[in-house]
Amino acid sequence: VTDNEYDLPTGHKKDFEISSIPNSLKEAIQVFLLNISVRNLRGYANTHNSMLVHATRFTAVHQKIAIEITNYLECIKDNVIAYGKLINAKDQSTYIQDLWDTYIKYFNQDEFSWEEVINTLTDRVNTILTREVHQKTTVPLEYRKDIPTNAIVIGGTSLARGYTLEGLSVSYFLRNTVFYDTLMQMGRWFGYRSGYEDLCKIYMPYSKIVDFAEIITATEELMYDFQLIADNNMTPEKFGLAIRQN
């Protein structure tokens with residue numbers, strides 16, 4: 001992500017006003033919608049799908065981001081429902097053209113044709129919703145057992161500290177922190193993604209990529225030390241355990 005500083009600057013205050021979302025976030029939403037369609041075509045029509053948007057620690061800003069995302073999602077829905085099953089759908093709508101461009105950029109066209117993907121999305125797009133997860137949430141995020149949930153989830157601290165998102169395939173991450181433990185708790189894309197590992201995408205600034213690489217290196221070094229302790233039948237008391245500091 002290189003285009004967020006105007007719409008969602010990393011150093012914003014709690015009263016920051018939002019009037020638009022970055023193109024990178026729009027693309028991430030497009031990927032998520034296409035992921036839902038592809039997973040349906042793969043036979044996972046009854047499984048949950050989630051997207052994580054973690055761009056701020058301020059509740060008021062979460063709410064404003066959620067409004068902008070909802071507005072953008074509604075525009076996509078309207079266009080896909082109106083034109084999605086036409087032969088020349090992408091010629092009728094810039095929103096569908098954007099979906100097409102993203103499909104060509106990231107997806108394997110040999111697996112399913114564009115027509116299959118957009119037709120399936122047209123049937124499913126109305127099930128996609130936005131939900132906020134924070135202290136002032138009014139409509140809770142619910143993963144029901146009787147129907148699949150397809151949700152774009154916007155939140156901060158609550159999401160970062162243990163909230164489970166079912167079927168997470170796209171993460172949009174701008175949140176800034178200097179603490180190892182907080183970063184590790186925010187790494188919500190780790191885990192088993194059986195059947196859709198290839199669809200998972202993470203959007204974040206390069207500086208965040210470096211931060212996560214740093215904590216992974218520190219963790220791996222610590223695990224190597226644990227292995228040395230075990231191999232030599234030593235106890236932590238006899239071994240100088242250390243964690244790299246940055």
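Predicted model: local features only at pLDDT ≥ 70, side-chain atom pairs only at ≥ 80, totals over all residues.
Residues are numbered from 1 along each chain as its sequence is written, and side-chain values rest on heavy atoms, with hydrogens and water left out.

Helices (H or I, at least four residues) and strands (E, at least two) are DSSP runs numbered from the N terminus. An open sheet is formed by 5 strands in the order E2-E3-E1-E4-E5, with parallel pairing; two strands are taken to pair if DSSP finds at least two bridges between them. Strand E2 (128-133) and strand E5 (201-203) are the edge strands, each pairing on one side only. From one strand to the next the twist averages 15°, where axes are lines fitted to C-alpha atoms, for helices over the stretch in contact, and angles run from 0 to 180 degrees between N-to-C directions. E1 and E3 run parallel and are joined by 5 bridges. Leu52 has Val153 in E3 as its bridge partner.

The largest nonpolar core contains 45 residues, of which Ile29 and Met51 touch the most other members. At least two residues of this core come from each of helix H1 (23-41), strand E1 (49-54), helix H2 (59-83), helix H4 (94-106), helix H5 (114-124), strand E3 (150-155) and strand E4 (168-173). The greatest contribution is that of H1, with 9 residues. A nonpolar core is here a set of buried Ala, Val, Leu, Ile, Met, Phe, Trp, Tyr and Cys residues joined through side-chain atoms within 4.5 Å. Buried means under 20% relative accessible area, exposed over 50%, and partly exposed in between (1.4 Å probe, protein chains only).

Leaving aside residues up to four places away in sequence, Met51 touches Leu25, Ala28, Ile29, Phe32, Ala151, Ile152, Val153, Leu168, Val170 and Tyr172, contact being heavy atoms within 4.5 Å. There is also a second, separate core of 8 residues, among them Leu141, Tyr143, Ala151 and Val153.

With a disulfide defined as a pair of cysteine sulfur atoms within 2.5 Å, the count is 0. Cys75 is partly exposed at a relative accessible area of 30%, and Cys200 is partly exposed at 27%.

Side chains of opposite charge can pair when their charged atoms come close. The structure holds 8 salt bridges, each a side-chain nitrogen of Lys or Arg within 4 Å of a carboxyl oxygen of Asp or Glu. One of them joins Arg42 and Glu111, with an N to O distance of 2.7 Å. This pair links distant parts of the chain, as Arg42 lies in the loop between H1 and E1 and Glu111 in the loop between H4 and H5, 69 residues apart. Arg42 is partly exposed at 23% relative accessibility, and Glu111 is partly exposed at 33%.

Lys77 forms a salt bridge with Glu74, the closest N and O atoms lying 3.6 Å apart. Lys77 and Glu74 are 3 residues apart in helix H2 and therefore separated by about one helical turn. Lys77 is buried at 7% relative accessibility, whereas Glu74 is partly exposed at 35%.

In another salt bridge, the side chains of Lys208 and Asp211 meet at 2.9 Å, N to O. Because Lys208 and Asp211 are 3 residues apart in helix H8 (residues 206-231), about one helical turn separates them. Lys208 is buried at 4% relative accessibility, and Asp211 is partly exposed at 26%. Elsewhere, salt bridges that share partners join Arg42, Glu111 and Asp198 into one network.
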